[in-house]
Amino acid sequence: MPVEITWWGHATCTIEDSGVRLLTDPLFARRLAHLRRRRGAPPPPEARRADFALVSHLHADHLHVPSLAGLAPGTRLLVPRGAPRAVPALRRLRHLRITEVAVGDEISAGPLVVRAVPARHDGRRLPVGPHRCPALGYVVEGAARTYFAGDTGLFDEMAEAVGPVDVALLPVGGWGPHLGEGHLDAGRAAHALALLSPRSAVPVHYGTYWPIGMDGVRPHEFHAPGDEFVRLAAQYAPRVTVHRLGHGEAVRPEVAR
């Protein structure tokens, strides 16, 4: 069966490979604190169906406890090591099978292997609490090798740390008019693409949530990153096919035979 990627908005994607469904950083809310969903309807109920859910780090727009609570009983949830201690509400999700992972860990997912890889991002649970754990990315290895970056900055060892991949799901923006350290904008994501050299890429983490009351503040930072990434990827990584998806759209990217 071909590998299929569906983008539901922000960093939430379904990766379907070899009959296994994996959900990345599930976020189904219309509103999260000072953010509201400005584009795309909240994902439909079928988006919550997954065999595995992968959480990259502790920030509430990636580890969203109410969204995780809506996953089906028995769903296996991979979180950074130390997350249940840092976010006690995770321990109340007794219907999920929670596994803590660290960089280098490999978890069997039926015919797939999920490998945790490093990310360069603030791992604290904000805005309160002293607890932190390292942010992660994940590589799903099956019919394809699919890299989900989570949130990360660009770092020199990225290609070595991630390894060869066929598909890269890369953040290209954020949820506000300014991106802090440890993030990829469209330009840095295009440079990451040149380092990783996958066959295909899907831009994520843009054009979904925006701070309430800030619709008129640098709106191009909300709308433009996907198109800008397509343009810059053609310049820096011309051999990579970029699939700019709309919310709820899916693609079956070409993978190595």
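I took strands (E, at least two residues) and helices (H or I, at least four) as DSSP runs, numbered from the N terminus. I counted two strands as paired if DSSP finds at least two bridges between them.

I worked on a predicted model, in which local features need pLDDT of at least 70, side-chain atom pairs count only at pLDDT 80 or more, and totals for chains, interfaces and linings use all residues. Residues are numbered from 1 along each chain as its sequence is written, and side-chain values use heavy atoms, without hydrogens and water.

**Entry 1: strand β14.** I looked up the partners of β14. Strand β13 (residues 167-171) runs parallel to β14 and is joined to it by 5 bridges; Ala168 stands opposite Ala201 of β14. Strand β16 (residues 241-242) also pairs with β14 in the parallel sense, over 2 bridges. There, Val242 is the bridge partner of Ala201.

I then checked burial (buried is under 20% relative accessible area, exposed over 50%, partly exposed in between; 1.4 Å probe, protein chains only). In β14, 5 of 5 residues are buried. Ser200, Val202 and Val204 lie on one side, Ala201 and Pro203 on the other, and both faces are covered.

**Entry 2: positive phi.** I noted that most residues other than glycine have a negative phi. I found Ser197 with a positive phi of about 50 degrees. Ser197 sits in the loop between α4 (186-196) and β14 (200-204), and I record Ser197 as exposed because its relative accessible area is 52%.

His10 has a positive phi near 55 degrees. His10 is in the loop between β1 (4-9) and β2 (12-17). I record His10 as buried because its relative accessibility is 2%.
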